Amino acid sequence: MARKVVSRKAKAAEAEAAEKLATAKNKASKKKASTRKSKKKQAEDVRLKLYWGVFSQNLKRVAVFEFDQKEDAEKRAQELSKGGKSPHFIQKVKEEIKFE
């Protein structure tokens with residue numbers, strides 16, 4: 001049986017034609033995809049202020065003091081804890097500052 005002779009030049013030409021066709025299709029699909037761009041929303045600047053909060057054992061805020069009044073907050077927590085009542089503690093609280 002005789003084998004069919006394959007020309008390497010013809011095969012190379014077929015491969016190049018297929019490659020050009022594939023790249024043309026990819027370019028067309030990329031152009032369609034690139035036309036849809038969404039803008040990202042910028043996050044608003046949120047300013048926070050730090051306070052000392054006096055909390056009960058159930059995590060309910062009882063009082064709020066300015067950050068430089070830590071001693072007063074500790075005294076208030078000790079007063080509320082006296083007499084066998086539930087213990088109170090202080091903790092930092094951040095609250096948002098409203099701009100008008």
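Which residue in strand 3 does tyrosine 51 stand opposite? That would be valine 93. Keep in mind that this is a predicted model.

## How the strands pair

Let's start with strand 1, which covers residues 48–55. Strand 1 pairs with strand 3 (residues 89–96) in the antiparallel sense, and there are 8 bridges between the two. The tyrosine 51 and valine 93 spot is where you can see these strands facing each other.

Strand 1 also pairs with strand 2, residues 61–66. That pairing is antiparallel too, over 5 bridges. Look for valine 54 here: its bridge partner in strand 2 is alanine 63.

## The hairpin loop

Strand 1 and strand 2 form a hairpin with 5 residues between the strands. Within that hairpin, leucine 59 takes a positive phi near 65°.

Serine 56 sits in the loop between these two strands. Is serine 56 buried or exposed? Serine 56 counts as buried, because its relative accessibility is 10% and the cut-off for buried is under 20%.

With a relative accessible area of 36%, aspartate 72 is partly exposed.

Conventions. Residues numbered from 1 in each chain as written. Predicted model: local features only at pLDDT ≥ 70, side-chain atom pairs only at ≥ 80, totals over all residues. Heavy atoms only, no water. Buried < 20%, exposed > 50% of the residue type's maximum accessible area, 1.4 Å probe, protein only. Pairing = 2+ DSSP bridges. Helix = DSSP H or I, 4+ residues; strand = E, 2+ residues; numbered from the N terminus.
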